[in-house]
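Q: Hi! Could you walk me through this one? I'd like to start with what the burial terms mean.
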Amino acid sequence: MANNWDEIRNQAVTWAHEAGDVIRESFEKELTIETKSNADDLVTNMDREVEEYLINKIKESYPEHQILGEEGIGEEVTSLEGTVWIIDPIDGTMNFVHQQTNFAISIGVYHEGVGMVGVIYNVIYDEMFHAVKGKGAFLNDVKLPELEGVPIEKSIIAINATWITRNERIDPARLVPVVDRCRGTRSYGSAAIELAFVASGRLDAYITMRLSPWDFAAGKVLIEEVGGRVTNLDGDPLDMLGRNSIFAGKAGLHQQILEEYLSDD
């Protein structure tokens, strides 16, 4: 049976709103906080509770679909054949724990490897970014305009200070000139929010070195619906089942930075 992508988007939006209500109510309760791979990689009982909530909703409505979730409650997904939901219950857990702001629920739906639906809910600000492939992207009920070109000198770029100081993933000398030349930099601590901000024109580009599919699946759909580009730092397509460097931005700016600063040629 063919998927009704508008219906799937509408349900994802509804479930994200409901999950957001659960998260807001949790602020009055005590969080259980654990670390995963290292002291900076946090997970809370709310991450798991929200992921379980979303998975139950998806399975109830679409039992034939696969689900790839950050906290591992979904299936082991090894292929993007068929329809796959890629979800992050709380993207920006450190912000959620320390600040109770700048975190988001991220839901991407892919069919045969192609992003069809993207939903990012900026919970505290009640901002729902959503898109269906070929139908544009929206912030709440307002359609987002196509992204306009901007030269690097007038651009605001999201980049974490980690990547322009000594680190294990990239020679900072490759990115320092970009930071020097752009108008300003920002870092929000949530990939989903930063990608949504690129889609809405609040940011002109976003550069980071290591994200998993649940971090970028929804944002990729949103940005491409307004004419932006999302690749790795070499300009290659993303591996939707693996970890990637991410370079998202307005098309002309993306090309300029790629050619002048990131290309090995």
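A: Happy to! Buried means under 20% relative accessible area, with a 1.4 Å probe and protein chains only. Keep in mind that this is a predicted model.

Q: Great. How many residues of strand 4 (residues 83–91) are buried?
A: Nine of the nine, so strand 4 is largely enclosed by the rest of the structure.

Q: And which strand pairs with strand 4 in the parallel sense?
A: That's strand 3 (residues 66–69), over four bridges. Within that pairing, Gln66 has Val84 of strand 4 as its bridge partner.

Q: What about strand 5 (residues 104–111): parallel or antiparallel to strand 4?
A: Antiparallel, with seven bridges joining the two. Ile107 of strand 5 sits opposite Ile87.

Q: Switching to the cores: which residues of the largest nonpolar core touch the most other members?
A: Ile86, Ile120, Tyr206 and Met240, out of 40 residues. The element that gives the most to this core is helix 5 (residues 191–199), with eight residues.

Q: What is Tyr206 in contact with, beyond its neighbours within four places in sequence?
A: Its partners include Ala191, Glu194, Leu195 and Val198, along with Ala158, Leu211, Ile246, Phe247 and Ala248. There's also a second, separate core of 31 residues, with Tyr62, Trp85, Val117 and Val123 among them.

Q: Last topic, helix 7 (residues 251–262): which residues there are buried?
A: Leu253, His254, Gln256, Ile257, Leu258, Tyr261 and Leu262.

Q: And what covers the buried residues of helix 7?
A: The cover includes helix 4 (176–181) plus several strands, among them strand 10 (156–159), strand 12 (205–211) and strand 14 (244–249).

Key
Residues are numbered from 1 along each chain as its sequence is written. This is a predicted model: local features need pLDDT of at least 70, side-chain atom pairs count only at pLDDT 80 or more; totals for chains, interfaces and linings use all residues. Side-chain values use heavy atoms; hydrogens and water are left out. Buried means under 20% relative accessible area, exposed over 50%, partly exposed in between (1.4 Å probe, protein chains only). Two strands pair if DSSP finds at least two bridges between them. A nonpolar core is a set of buried Ala, Val, Leu, Ile, Met, Phe, Trp, Tyr and Cys residues joined through side-chain atoms within 4.5 Å. Contact means heavy atoms within 4.5 Å.
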